[in-house]
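Okay, thanks for coming, everyone.

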Amino acid sequence: MTELLLTAPSSGSGKTSAMCALLTLFQRKGMRPCAFKCGPDYIDPMFHRSVLDVDSCNLDLFLTDEETVRKNYEYYSAYCDAAIIEGVMGHYDGLGGSTPTAGSWHLADTLDVPSLLVVRPGKNSLTLAAELKGILDFRENSHIAGILLNDCVPAHVTRLADILERETGIPVVGCLPHVEGAELSSRHLGLVTADEVQDLQHRVSLLTDALEENLDWDKLLSLCGNRPAKVRTEMDTHVAKTVIAFACDKAFSFYYRDALDALWKAGADLYLVSPLHDHALPDAADGLYLPGGYPELYARELSENESMRESVQRAVQGGMPTVAECGGFLYLGQSLEGADGKVYPMAGALPGKGYRTNHPVRFGYATLTAEGDSLLLKKGDTLPVHSFHYWDSTEPGNALSAEKPVTGRSWKTGFASPSLYAAFEHFDFSGKPELVRRFLRAAEEYHAREQ
């Protein structure tokens, strides 16, 4: 199996555009690629799914441990010809930007996968070589095997490649020139979601054409890793035990594939519901999972679906086991300020009012500590989490203590009870069988009570 991690000197280097073009190019070559994303980002995998029409899996070395990451990489790359991983931020940027932990280099080192450095040269040449030389020498094994020039004029590639290869000893495999009309737009949490780009396939096709024309395919393959093809050693068995209503639509689209699979393998039937369009939760639901997303962009539509809001309020206040993260947490509040500046009623199951800020709030990784027993956590339990949101709540809760791993900054967060986890902080069920068991056991008990 061919394998490669796309990395960069910094954020904004064009990794996602290069990733989408490279995945499509592998498909054009008759291969079956699969995609991964380093870190907690939800949006980049949406682009991978749109390009491949298959799910993309996150590999996060903070939210999950190294063993879980290796197992997930092996499991989700089985039966594929190529595994391509999109990195995060700069190559060595991990926790707090001051340690490589959980960053691209850490993932490449954990999986022993070579990296392709995506570089925007700008007007640099020899100075760029010096900068890249520093990146290569920063760790004994940088895992960087090649360089792809991005937004580079093809006519300049040969001269620049000669300089970079001479000074760094690392091959330049080609370039992805700027393609007019193929740009990917951004908003406050990163790129706009893939389903909002109406001509995404056309844009990716243009990018792929440009990459194919300006890439040395054989040189690229020569620097990729190549390990024996994998087969899944565990069976995809499923014994249905309980029904979990899982919110999934344009307003709630931030989820981890491996987390849903962990619930499914443990016996959850995941019943997809849309708070935007469905009238109520299904009668068969024994639990509710409200992931994050962009509810602020659809606040009016969510508010107008009054029957669903009332259904969710009755379920949560009636003791249905519920997990709500970030956008799902905001939906459970009394009201939400939309992106249009207007305030709309929400489900009303929690006391807070969601409002817009002009900056990211409590951004990054943290560790939660439970103040008492609740649905997912016992008193004193810890849980690695991630948060990134521009909306806050007048009452964010105080059932859990959160602490950042590098700075030690701490705060109170969330609502927790025997039937509830609701907070801004995201987590991953994968590799945490005790959390899965507690959630599904509570759903089974709820089902028995309601019969």
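Let's start with strand E22, residues 420–423, which is covered on both faces: Leu420 and Ala422 are buried on one side, Tyr421 and Ala423 on the other. Buried here is under 20% relative accessible area, with a 1.4 Å probe and protein chains only. In a regular strand, side chains alternate between the two faces of the sheet. Before I go on, this is a predicted model, with pLDDT of at least 70 needed for local features and 80 or more for side-chain atom pairs, while totals for chains, interfaces and linings use all residues. Residues are numbered from 1 along each chain as its sequence is written, and side-chain values use heavy atoms, without hydrogens or water.

So who sits beside E22? Strand E14, residues 322–325, pairs with E22 in the parallel sense over four bridges; pairing takes at least two DSSP bridges. Strand E21, residues 415–417, runs antiparallel to E22, joined by three bridges, and serine 417 partners leucine 420. A two-residue hairpin links E21 to E22. By the way, strands are DSSP E runs of at least two residues, helices H or I runs of at least four, both numbered from the N terminus.

Now the helices. H1 (residues 15–28) packs on H2 (residues 43–52) at about 25 degrees, axes 10 Å apart; axes are lines fitted to C-alpha atoms over the stretch in contact, and angles run from 0 to 180 degrees between N-to-C directions. That makes H1 and H2 roughly parallel, the word for angles under 35 degrees.

Key
Buried means under 20% relative accessible area, exposed over 50%, partly exposed in between (1.4 Å probe, protein chains only). Angles under 35 degrees count as roughly parallel, over 145 as roughly antiparallel, 65 to 115 as roughly perpendicular and the rest as oblique.
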